[in-house]
Amino acid sequence: MIKDIFTSSEDRMKKTIDSLKREYSSLRAGRATPALLERVMVDYYGTPTPVNQVANVSVPEPRMIVIAPWEKSLLHAIEKAIMKSDLELSPNSDGNVIRLSIPQLTQERRAELVKTVNKKAEEAKIALRNLRRDANDAVKKMEKAKEVTEDETKKAQEDMQKLVDKYVSEVNNIKTGKEKEIMEV
């Protein structure tokens, strides 16, 4: 029973890490990457659809993203979606493709991005701690129901703390890597 709680918690912790990585990949760090457009939704026949599902997204240069819609009628909708997004990029269309130039980041923008990175890392750590609390509560309920002994409960809590420490360390490593990427000039 305790093993099931532990396994379930670890799966959810892995998902928290994956979510953090996805969040970070969509932060603009001065380099062009197709991941920047993952959260940009285009109105595709009344359905919000990610850009990469209605167009070919490529990076021909380090500071340029080229979007080639599969249907020319989507060109305007994609431009509109990019302008509405929080990317602060201006699409440049030639009638066939959209080009997005990624400008150099200013020091102020870099500082803002680092704050965002730290905030998202803290949110991930809070999520991990909440998972620990939920698992510990479940084990304590089992102890109250006399399904496990007090020693087993204490051992489970120690193991859960070690697991949380491992994932918090991983969050810190990911955060540090993203900060370095942002601060590169």
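# Briefing: Helices, Sheet and Aromatic Pair in a Predicted Model

A search of the whole structure finds one aromatic pair. This is a predicted model, in which local features need pLDDT of at least 70 and side-chain atom pairs count only at pLDDT 80 or more, while totals for chains, interfaces and linings use all residues. Residues are numbered from 1 along each chain as its sequence is written, and side-chain values use heavy atoms, with hydrogens and water left out. Helices (H or I, at least four residues) and strands (E, at least two) are DSSP runs, numbered from the N terminus.

**The aromatic pair**

- Tyr-44 and Tyr-45 form this pair, with 4.8 Å from centre to centre and 65° between the planes, in an edge-to-face arrangement.
- Rings of Phe, Tyr and Trp (its six-membered ring) pair if their centres lie within 6.5 Å; planes under 30 degrees apart count as stacked, over 60 as edge-to-face and the rest as tilted.
- Tyr-44 has a relative accessible area of 27% and is partly exposed, whereas Tyr-45 counts as exposed at 63%.
- For these terms, buried means under 20% relative accessible area, exposed over 50%, and partly exposed in between (1.4 Å probe, protein chains only).

- Four strands form an open sheet in the order 3-4-6-5, with antiparallel pairing; two strands pair if DSSP finds at least two bridges between them.
- Strand 3 (55-61) and strand 5 (91-93) each have a single partner strand, so one side of each of these edge strands is left without a neighbour in the sheet.
- On average, neighbouring strands of this sheet are turned by 25° against each other, direction ignored.
- Strand 3 and strand 4 run antiparallel and are joined by five bridges; the two form a hairpin with two residues between them.
- Within this pairing, Asn-56 has Ala-68 in strand 4 as its bridge partner.
- Strand 4 (residues 64-69) also pairs with strand 6 (residues 98-101), in the antiparallel sense and over four bridges.
- Across that pairing, Ile-67 stands opposite Ile-98, and Ile-65 stands opposite Leu-100.
- Strand 4 is largely enclosed by the rest of the structure, because five of its six residues are buried.
- Helix 2 (residues 75-84) lies across strand 3, strand 4, strand 5 and strand 6, and runs at about 165° to strand 5.

**Helix packing**

- Two packed helices are described by the angle between their axes and the distance between the axes.
- The axes of helix 1 (residues 2-25) and helix 4 (residues 150-183) cross at roughly 10° and come within 11 Å.
- Helix 1 and helix 4 are therefore roughly parallel to each other; angles under 35 degrees count as roughly parallel, over 145 as roughly antiparallel, 65 to 115 as roughly perpendicular and the rest as oblique.
- The residues of this contact comprise 13 nonpolar, one polar and nine charged.
- In that count, Ala, Val, Leu, Ile, Met, Phe, Trp, Tyr, Cys and Pro are nonpolar, Asp, Glu, Lys and Arg are charged, and the others, Gly among them, are polar.
- Axes are lines fitted to C-alpha atoms, for helices over the stretch in contact, and angles run from 0 to 180 degrees between N-to-C directions.

**Two buried residues in helices**

- Met-13 lies in helix 1 and counts as buried at 0% relative accessibility.
- Met-13 and Tyr-167 are 154 residues apart in sequence, yet 7.1 Å apart in space, C-alpha to C-alpha.
- Leaving aside neighbours within four places in sequence, Met-13 has contacts (heavy atoms within 4.5 Å) that include Leu-128, Met-160 and Tyr-167.
- Asn-136, in helix 3 (residues 107-144), is buried with a relative accessible area of 14%.
- With its neighbours within four places in sequence left aside, Asn-136 is in contact with Gln-157 and Met-160.
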